[in-house]
Amino acid sequence: MTTETTALPTQVYRVWIKATPEKIWTAITDPEWTVKYGYAAPAHFDLRPGGEYHSDATDEMREFGKENGFPIPDRIVDGEVVESDPPRLLVQTWRMLMDPATAAEPYTTLTYLIEELKSQPGVCRLTVTHEMAGAPATATMVAGSPLDEAGGGGWAWVLSDLKSVLETGTALSGR
């Protein structure tokens, strides 16, 4: 017997991070920071409405794809900035290009909200909302797999790694 699950078309993730809003903003939007956590792919933003967003494959990603029989494109994620209010709010479109199923789907909407907690100075709540109506392959991919211990954990894994890097200086992978 097999069970199929369908990932929700809107997924919301929250993480509390002991860091300033500015530091969290920089970690999300600066390619020198985005290579330190998650899938270690540099993300590039033109932080004005209509500005381009893209993330590029690393050599390790390309090698993994080659070893496993599927090519990884140079650009793995693309989109456009919808709204940018540093260091509080970033809204963008987002489309995963590494997988033919997700690349064929429409752009999704990704919102980062950074809120400094008045009750806990020095702590911020980062809420990531990913709206993926009409993009079921993307919803499944970013939901991650709770059984995958080596990554592939979607947004929950990426945000846990971001928190680790900001609070300890070291990613969960030790890099």
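Among contacts in the protein (heavy atoms within 4.5 Å) between residues at least 6 apart in sequence, 50% join residues at least 24 apart. This is a predicted model: local features need pLDDT of at least 70, side-chain atom pairs count only at pLDDT 80 or more, and totals for chains, interfaces and linings use all residues. Residues are numbered from 1 along each chain as its sequence is written, and side-chain values use heavy atoms, with hydrogens and water left out.

**Overall build**

- The protein has six helices and seven strands. Both are DSSP runs, numbered from the N terminus: helices are H or I with at least four residues, strands are E with at least two.
- Along the sequence, the pattern reads β-α-α-β-β-α-β-β-α-β-β-α-α.
- With 175 residues, a compact globule would have a radius of gyration near 16 Å, and the protein agrees, at 16 Å. The radius is taken over C-alpha atoms, and the globule rule is 2.2 Å times the number of residues to the power 0.38.
- The C-alpha trace spans about 45 × 35 × 35 Å along its principal axes.
- Of the 175 residues, 43% count as buried. Buried means under 20% relative accessible area, exposed means over 50%, and partly exposed lies in between (1.4 Å probe, protein chains only).

**The sheet**

- Strands of a sheet pair through backbone hydrogen bonds, either parallel or antiparallel.
- Here, seven strands form an open sheet in the order β1-β7-β6-β5-β4-β3-β2, with antiparallel pairing. Two strands pair if DSSP finds at least two bridges between them.
- β1 (10-17) and β2 (43-45) stand at the edges. Each has a single partner strand, so one side of each is left without a neighbour in the sheet.
- The twist averages 20° from one strand to the next. Axes are lines fitted to C-alpha atoms, for helices over the stretch in contact, and angles run from 0 to 180 degrees between N-to-C directions.
- Eight bridges join β6 (residues 108-116) to β7, and the two run antiparallel. T111 has T129 in β7 as its bridge partner.

**The helices**

- Helix α1 (residues 21-29) lies across β1, β2, β4 (75-85), β5 (89-96), β6 and β7. Helix α1 runs at about 155° to β6.
- Helix α5 (residues 136-143) lies across β1, β5, β6 and β7, at about 25° to β1.
- Helix α6 (residues 154-168) has 15 residues, which at 1.5 Å a residue should span 21 Å. The expected span is 1.5 Å times one less than the number of residues. The end C-alpha atoms of α6 are 21 Å apart, which agrees.
- Buried residues in α6 include W155, L159, L162 and L166.
- G169 follows α6, and its phi is positive, near 85°.

**Two threonines**

- T127 is found in strand β7 (residues 124-131). T127 is buried, with a relative accessible area of 8%.
- The side chain of T127 makes a polar contact with the side chain of R14 (3.5 Å). A polar contact is a pair of N or O atoms within 3.5 Å; within protein, one must be able to donate a hydrogen and the other to accept it, and residues adjacent in sequence count only if both atoms are side-chain atoms.
- Not counting residues up to four places away in sequence, T127 touches V12, Y13, R14, T111, Y112, L113 and E115.
- T58 is found in the loop between β3 (52-56) and α3 (59-67). T58 is buried too, with a relative accessible area of 12%.
- Leaving aside neighbours within four places in sequence, T58 is in contact with A40, A41 and P42.
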